[in-house]
Amino acid sequence: ERVTFGALVDLYLKQAETVMRPSSYGEVKRHLDTIWQPLHGIPIARIDHVKIGAELDKIAQTRGLVTANRARASLSTFMRWAMTKHHIDQNPVIRVAKALKTEPKRDRFLDDDEIAEVWRQLGDGDFASIMKLLVLTAARREEVAAMRWSEINLDRGEWLIPAARSKNKLAHLVHLSPLALEIIKGTPERKDRDLIFGAGEGGFSGWSQSKARLDARIDAARARAAAVAGRPPRPMPEWRVHDLRRSAATGMARLGIAIAVIERALNHVSGEFKGIVAVYQRHDFQQEVKAAFNTWGEHLQQLVGTAADDR
């Protein structure tokens, strides 16, 4: 009766941080700390499926069905952990239905105008540099956030992501376009710190607040442009940081770059390179991938310099 949901969440997150990937931990922390915050003051033993179901309905209405599903999954994992610590006898989440039985496959990508719009509102600092590099390199969020000077060859214009840091556990060579190199070279090196971005022991981690501030600047810019034009503002459709990777791949395809080359640029091992092709295809496509990154970088250079006004 004395152990509240919030107190137990604090203990769980301290343990989870040591075993989870930073991106996974950040999402779980947001779910338990923020989305499930209304439960924090309630003793864990008094939280039943009725309370959870009522709160999940609110989450679905205010934050969307997909977010409700993800928040439910994080809560269920937490409750199972609470069982192992003998705070509860059963997991009440299993009696609460998912908001969506099957989540729709995400296919959002930013078109050229939207990429330019985001780029213009980024400003300066680590978050801005990381976001620009995500578009330029089509790398994953945590790969760029934890980029290290020891992985960069400035003379050759290359970034070698080690297997230990890639999602598929395969080392990946990223060819850096002149624009990407310019961003990296413009980031000051810090004494006794190999990590390029962030502070403290790890790389950059302030995603949620930085993304929220960026969205607010985009909304404000659209509102100003709409006021000048004498029409209601059109909000930017919802998007996530990971959508930049899909946007880069889509943009490269639109420029005529072959799908096989894009797969290599993204360090994919499926698609064009699965099955028998994976066994017998040994061409590494490095020259084609280098040309693709340069072509994409040149396109972005022109795009951010000649972009349309905020909508």
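Helices (H or I, at least four residues) and strands (E, at least two) are DSSP runs, numbered from the N terminus. This is a predicted model: local features need pLDDT of at least 70, side-chain atom pairs count only at pLDDT 80 or more, and totals for chains, interfaces and linings use all residues. Residues are numbered from 1 along each chain as its sequence is written, and side-chain values use heavy atoms, with hydrogens and water left out.

**View 1. S177 sits in the loop between β3 (172-175) and α8.** S177 is buried, with a relative accessible area of 2%. S177 touches L136, F293, N294 and G297, leaving out residues up to four places away in sequence. Contact here means heavy atoms within 4.5 Å.

**View 2. The protein chain as a whole contains 13 helices and three strands.** The chain has 311 residues, of which 44% count as buried. Its C-alpha trace spans about 65 × 60 × 45 Å along the principal axes. Take the contacts between residues at least 6 apart in sequence: 66% of them join residues at least 24 apart.

**View 3. Helix α1 covers residues 5-16.** The expected span of a helix is 1.5 Å times one less than its number of residues. For the twelve residues of α1 that gives 16 Å, and the end C-alpha atoms are 16 Å apart, which agrees. Buried residues in α1 are F5, G6, L8, V9, Y12, L13 and A16. Seen down the axis, these buried residues fall within an arc of 155 degrees, so they line one face of α1. The arc is that of the directions from the helix axis to the C-beta atoms. An α-helix has 3.6 residues a turn, so residues three or four places apart point the same way.

**View 4. Helix α3 covers residues 49-63 and is followed by G64.** α3 has 15 residues. From first C-alpha to last it reaches 20 Å, close to the 21 Å expected at 1.5 Å a residue. I52, G53, E55, L56, I59 and A60 of α3 are buried. The phi of G64 is positive, near 105 degrees.

**View 5. R72 lies in helix α4.** Is R72 buried or exposed? At 15% relative accessibility, R72 counts as buried. Neighbours within four places in sequence aside, R72 is in contact with W36, L56, V93, I94, V96, A97 and K98. L56 of this list is also one of the buried residues in α3.

**View 6. α5 packs with helix α13 (residues 286-305).** Two packed helices are described by the angle between their axes and the distance between the axes. Axes are lines fitted to C-alpha atoms, for helices over the stretch in contact, and angles run from 0 to 180 degrees between N-to-C directions. For α5 and α13 the angle is about 70 degrees, and the axes are 9 Å apart. That makes α5 roughly perpendicular to α13; the class covers angles of 65 to 115 degrees. The contact is made by D112, I115, A116 and W119 of α5 and W296, H299, L300, L303 and V304 of α13. The crossing is right-handed, meaning that the near helix is turned clockwise from the far one by less than a right angle.

**View 7. α5 also packs with α9.** Here the angle is about 110 degrees, with the axes 9 Å apart. That makes α5 roughly perpendicular to α9. On the α5 side, E117, V118 and Q121 make the contact. On the α9 side, the partners are L214, R217, I218, A221 and R222.

**View 8. H86 and D192 both have a positive phi, though neither is a glycine.** Most residues other than glycine have a negative phi. H86 has a phi of about 65 degrees and lies in the loop between α4 (65-84) and α5 (112-121). H86 is exposed, with a relative accessible area of 71%. D192 has a phi of about 60 degrees and lies in the loop between α8 (178-185) and α9 (207-229). D192 is exposed, at 76%.

**View 9. Q301 lies in helix α13.** Q301 counts as partly exposed, at 43% relative accessibility. Q301 and R30 are 271 residues apart in sequence. In space, their C-alpha atoms are 35 Å apart.

Conventions. Buried means under 20% relative accessible area, exposed over 50%, partly exposed in between (1.4 Å probe, protein chains only). Angles under 35 degrees count as roughly parallel, over 145 as roughly antiparallel, 65 to 115 as roughly perpendicular and the rest as oblique.
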